[in-house]
Amino acid sequence: MSELYDAIIVLDYGGQYCHLIGRRIREQGVYSEIVPWEIKAEEIRLISEKMNVKGLILSGGPASVFDAEAPKLDANILNLGLPVLGLCYGHQLLAHIVGGKVRPAERREYGATYVTIDRPVGVLKGLGRKERVWMSHSDAVFSVPEEYEVLAHSENCPVAAFGHREKPVYGLQWHPEVVHTENGVLMLRNFLFEVCGCKANWKVENLVNKIIEEIRFETGGSKAIIALSGGVDSSVTTALAAKAIGNRLTAVFVDHGFMRENEPESVENFFKGMGINLMVIDAKDRFLKKLRGIIDPEMKRKIIGEEFIRVFEEVAEKIGAECLIQGTIYPDRIESGFRRFSDKIKTHHNVAGLPARVKFRKIVEPLRDLYKDEVRRIGEALGLPRELVYRQPFPGPGLAVRITGEVTREKVEVVRKADRIVREEVERSGLKERLWQYFAVLTNTMATGVKGDARAYGYVVAVRIVESSEAMTASFAKIPYEVLESISTRITNEIPEVARVVYDITHKPPATIEWE
């Protein structure tokens, strides 16, 4: 970055929402940097030479402070004179370090909880007496030393928030970064602007030149191929890589046979029109053969991930490319459990789905720390068409992970037709702009129906439509019944193999957006 921006350092303790904290900070115009919890005070001083570090946030995480291998905090960090905010595990860790009492809670709190604000100061400035927040913890803080004071409590958590009486050090048991905490943004803004004194002098578009330079540096003058799926992430990465290394880049689109209707043709036409070196590999039979008899979703993702790499390796060998560039974004990595103290939700084909051995000198992931909405803003800054930038997310393994059970040619065709119908009806209804994703899933359940006065026995298709802003949390969309009725009627009328349609009304969490 050419100028120093005000910044907040987020220490990553393995929580699913860690990068959501960083994202919320960036939304306020303040730069955020995610660092491992093992970071030392001296390393933070070095970071401060590159940006104006104004404060620190300790993220949540799945560990307990009592675990033998629980992640810790370099105690010297608390002597840097920087404001500190601990969230969830970070809240418990801070209390534990300064001599407070932390122990297993009598009753665990998961989900929406009401807390009582005892003192609306510091990060709690401007809040009401009762606040609806999002909790997810099994341990709790029961007391803090004299130099600290209790700022909030809940029915099951005596110290739901605390603060130092003189220093800018705070702890919150809840998650202000998730949308379910009603005034979470206000709490974070209080920390950024009231406690830390930050200025809103950063925006995501500032990253464009930094990413381009990183791609040049990482590829080191060699040829590279980019894994192009036609989705938002890989398309934006392709545009950035083309600016970075020009004709040393070859985009490789692998048609594994699990794409949406007419998608391979549209991807090929668009990127060839951009003047990018493009290779289209027809690997439909190859992937289908590899998945024969496989029903476990994790196995599907790993098989698809490995086969992608093998195709890319073959192409790279032919053209002399040494590096592979991927459009991996942060939710891919966090759900794959890539960090030591994070849980694996599901394997993503381009992260944990990668085989242990690859022939590339380097795999470059320039968007690895960004969320989908940030990637879209970069796409806009690059001048990419709106219809490309705002496409709904589509998994790399494609329709293969929208089929529960074994993947067969017949099932792929069924779910492809159902997917087209869902997209057509949603887009015809005018609901597209407010939705994150809308698609069909072919379940492994069969059901009896009646068609033309005769018994029919066929597949059950589930329709999944969700609203979200970053994919880490999502709510099922309350779609008008007439739209759902049109979807159901068309699917059962136009696809003979389907006997029944159901609508998925599960939020994330506890579900994921995709079924597999």
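Modeller: Helices are DSSP runs of H or I with at least four residues, strands are runs of E with at least two, and both are numbered from the N terminus. The model is predicted: local features need pLDDT of at least 70 and side-chain atom pairs count only at pLDDT 80 or more, while totals for chains, interfaces and linings use all residues. Residues are numbered from 1 along each chain as its sequence is written, and side-chain values use heavy atoms, with hydrogens and water left out.

The part to begin with is D233, which belongs to helix α6, spanning residues 232-245. Its relative accessibility is 11%, and D233 therefore counts as buried; the terms here are buried for under 20% relative accessible area, exposed for over 50%, and partly exposed in between, with a 1.4 Å probe and protein chains only. Leaving aside residues up to four places away in sequence, D233 touches G327, I329, L367, K372 and V375, where a contact means heavy atoms within 4.5 Å.

Two packed helices are described by the angle between their axes and the distance between the axes. For α5 (residues 207-219) and α6, the angle is about 65 degrees and the axes are 9 Å apart. Axes are lines fitted to C-alpha atoms, for helices over the stretch in contact, and angles run from 0 to 180 degrees between N-to-C directions. On the α5 side the contact involves V208, I211, I212, I215, R216 and T219, which meet L240, A241, K243, A244 and I245 of α6. By class, the residues of this contact are eight nonpolar, one polar and two charged. Ala, Val, Leu, Ile, Met, Phe, Trp, Tyr, Cys and Pro count as nonpolar, Asp, Glu, Lys and Arg as charged, and the others, Gly among them, as polar.

Another helix to consider is α9 (residues 297-319), in which I319 lies. I319 is partly exposed, with a relative accessible area of 23%. Not counting residues up to four places away in sequence, I319 touches K223, I225, T250 and M279. One of these, K223, is 96 residues from I319 along the chain, yet their C-alpha atoms are separated by 8.3 Å.

Helix α3 (residues 89-97) is largely enclosed by the rest of the structure, because seven of its nine residues are buried. Those residues are Y89, G90, H91, Q92, L93, L94 and A95. Their cover includes the strands β3 (52-58), β4 (84-87), β5 (101-117), β6 (130-143), β8 (157-164) and β9 (169-172). After α3 comes G99, with a positive phi near 100 degrees.

The cysteines can be treated briefly. The structure holds zero disulfides, a disulfide being a pair of cysteine sulfur atoms within 2.5 Å. For C88, the nearest cysteine sulfur is that of C157, 9.7 Å away. C88 is buried at 4% relative accessible area, and C323 is buried at 0%.

Some backbone features lie outside the helices. N262, in the loop between β11 (249-255) and α7 (263-273), has a positive phi of about 65 degrees although it is not a glycine. At 56% relative accessibility, N262 counts as exposed. D453, in the loop between β15 (437-451) and β16 (454-467), likewise has a positive phi, near 65 degrees, in a residue other than glycine; D453 is exposed at 80%. In the segment after β18, which holds P509 and P510, a cis peptide bond joins K508 and P509 with omega about -15 degrees. A cis bond also joins P509 and P510, with omega about 15 degrees.

As to the whole, the protein chain has 14 helices and 18 strands. Of its 516 residues, 58% count as buried. Its radius of gyration is 25 Å, which agrees with the value near 24 Å that a compact globule of 516 residues would have; the radius is taken over C-alpha atoms, and the globule rule is 2.2 Å times the number of residues to the power 0.38. Along its principal axes the C-alpha trace spans about 75 × 60 × 45 Å.
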